[in-house]
Amino acid sequence: MFGAATFHAAMAEIVVGSMVLASLCALGCAAGSIFPNLLGARLASERMMLTMDKASIAGACLGLAFIPIAALSGSFAADNTVTNGLLYNKFVYTGLATGFWAAFVIGRIRLGPGLWEHRSLSALQGVTAAMAILMTTMVSSIGGKLVRGESLFDIMPIWLPSDSATVLNPIVSIVLMLIGTGSLFAVLKLGPKAERIETD
Amino acid sequence: MRSRAAIITVIAILLAAGASMANPGGNGDADRDYTCGGSCHGDPALSTPSDGTVSVSVDNMAFTGTATAVHVTASGMSLSGNRLLGVFLLGSIDGNGDHPEDHGWSIVQDPNGGSRNYVEVVVPPSGSVTLTWVMLAPQTTGSVNLFVETHHGSNPNSNNWAYSGLTRGYTVDVQPVPENLPGFAFDWKPETRVTGDDNPTVIRTTNTTSVSVQWMLENEWIPHDAVVTGEGDEWLAQIPATIGDTRIQYQVTTSNGDFSITQPWLTVATQPAPFDGDIWDARLQGLALALLVTAFLLSLQARLSPWKGGPAEDMTSEVEAETAPPEPPGLEPEEPDEYWSRLVPSEDNPGWLWDPVEEDWVADPQNPPVGDE
């Protein structure tokens, strides 16, 4: 048998590893699309774009599937209690990371690989992936802070607020959830149907 | 060349990771046995003796169940980047059952305000730190030993050594307490207060008929008298609230007419206010943010992507420019300047120009004809 903390560490490694692959490939696709002559046009070659696109969607799907497992095991590892702002923010950043990755995966599946041929969509997808990996690394860095007292973010210029948390009233959170659910329903069911963009 | 650079980069990253050690952020204050019962600092393959000096100051005689202070001064040791030092107060060095309470002691207060035998402190730039444990001597008489162990790192630390230092045993001769000697109750431990809390501090005593308390800020020289109320074995001392990083120390004097005992200085243990949120607040907030972010980004994708019925961009001119057939030879549209330059003015017909190509009269825009022609 092994403890919840050990299981959580393993799950978190799967999530972070997959997401790093996904975000690097997504950023590569976006860069190849926006700057076609980058690296002697090799980044924008059809074969390279196809490979990076498939790797990014595969990595993002795998990571997204494991996020709930990692979050639940982390919750058990913390004895289902939140005693400080750092731990609270871990849940908040997990939610943000899930949102960004879900949007990345849904967008790529709905619009197809042809989205990389549209500069604006490509830029949006690249920014989404960048924000998603930033949130994911924040979550894992908070884990490092909690367990080891240090994190790679200590030596980096970026460190999002994490020591103090803004705790929303649960009623406000529920209202926001309803707004989010309604917005999703409107976008997916009531709004104009996004067409799958076929590659040339 | 590029592959060589890539390999060197990967090796550099791996070497950079090697600079990180097992628990450079420490493990937090806790009740621990000697070398944590077998940590890196206790592993001969991973550890090395500390280069620092540790001195211990403790009375070599104590009465059973009475308070005594153990002062530990550590100095001159190498330190890691965060200057963290771990200090153990031990009753033995067997690797288990080493906690002083396993040997009859009761820790009233550790240097950080808790009641642990292992504490972590950040060493000031002077390189020297003094820590004080206030303990109640065992209830049984005899000789007992106290050991102090230190754990620390080093910066730089190319070999990743875990430094460990151990003092000799300091023997305390525990004598029977004189009858009716006033002191702290054996099971009393100072309360931990929340920042800003100025509720009276509860002090429980034994064989005591009166209590006086003096307090002062850390590093202050002149103590102030505190108002003390109560009777029997429970007393309430009015000590100001701690705010921010300030630390307040207080000293209790227990008296009963026959004896008056001045106890060691204690520190008002202060902790931050308890965190407001709970796990379900965090889960709901995380889920709400996930839904909002997803919805926002999907709507942006829908806005930027082509969709049926959307405002199509007018590309007519580009399409016509690319698809319109060329004019037949001789019928290509002429440039306006070329057209006007070929027209010839006529003195017979003022206001009119003669086009020799079309063989037709054209009205002169510079000198319009007057009247009908």
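Which residue lies over the face of Tyr170(B)? Arg168(B) does, at 4.1 Å from the ring centre. The model is predicted.

Chain B has four helices and 24 strands. Of its 373 residues, 37% are buried. Consider next its contacts with a separation of 6 or more. Residues 24 or more positions apart account for 68% of them.

Now take one strand of chain B, β18, which covers residues 248-255. Eight of its eight residues are buried, so β18(B) is largely enclosed by the rest of the structure. Ile248(B), Tyr250(B), Val252(B) and Thr254(B) point one way from the strand. Gln249(B), Gln251(B), Thr253(B) and Ser255(B) point the other way. Both sets are buried.

The pairing of β18(B) can be followed strand by strand. Strand β15(B), residues 210-217, runs antiparallel to β18(B) and is joined to it by eight bridges. Within that pairing, Met216(B) has Gln249(B) as its bridge partner. Strand β20(B), residues 266-267, is also antiparallel to β18(B), with two bridges. Here Tyr250(B) stands opposite Leu266(B). Strand β19(B), residues 260-262, pairs with β18(B) in the antiparallel sense over three bridges. Ser255(B) has Ser260(B) as its bridge partner there. β18(B) and β19(B) form a hairpin with four residues between the strands. In this hairpin, Gly257(B) takes a positive phi near 95°.

Elsewhere in chain B is an open sheet of four strands. Its order is β2-β4-β8-β6, and the pairing is antiparallel. The edge strands are β2(B), residues 53-58, and β6(B), residues 106-109; each pairs on one side only. The twist averages 30° from one strand to the next. Six bridges join β2(B) to β4(B), residues 67-75. One contact point to look for is Thr53(B), whose bridge partner in β4(B) is Ser75(B).

Turn to the nonpolar cores. In soluble globular proteins, nonpolar side chains tend to be buried together. The largest nonpolar core here has 51 residues. Val82(A), Tyr93(A), Trp101(A), Phe104(A) and Trp116(A) touch the most other members. Two or more residues come from each of α1 (4-34), α2 (46-77), α3 (85-111) and α4 (119-148) of chain A, and from α2 (279-304) of chain B. α3(A) gives the most, with 15 residues.

Leaving aside residues up to four places away in sequence, Trp101(A) touches Met19(A), Ala22(A), Ser23(A), Ala60(A), Leu64(A), Ile67(A), Ala129(A), Ala132(A), Ile133(A) and Thr136(A). A second, separate core has 27 residues, including Ala62(B), Met77(B), Leu89(B) and Trp133(B).

Finally, the aromatic pairs. Phe184(B) and Trp188(B) are both buried. Tyr339(B) and Trp340(B) form an edge-to-face pair, 5.3 Å centre to centre, with 75° between the planes. Tyr339(B) counts as partly exposed, at 24% relative accessibility. Trp340(B) is also partly exposed, with a relative accessible area of 39%.

Notes: Residues numbered from 1 in each chain as written. Chains lettered and ligands numbered in written order. Predicted model: local features only at pLDDT ≥ 70, side-chain atom pairs only at ≥ 80, totals over all residues. Heavy atoms only, no water. Core = buried A, V, L, I, M, F, W, Y, C linked by side-chain atoms within 4.5 Å. Buried < 20%, exposed > 50% of the residue type's maximum accessible area, 1.4 Å probe, protein only. Contact = heavy atoms within 4.5 Å. Phe/Tyr/Trp six-rings, centres within 6.5 Å; stacked < 30°, edge-to-face > 60°. Lys NZ or Arg CZ within 6 Å of the ring centre and 35° of its normal. Pairing = 2+ DSSP bridges. Axes fitted to C-alpha atoms, helices over the stretch in contact; angles between N-to-C directions.
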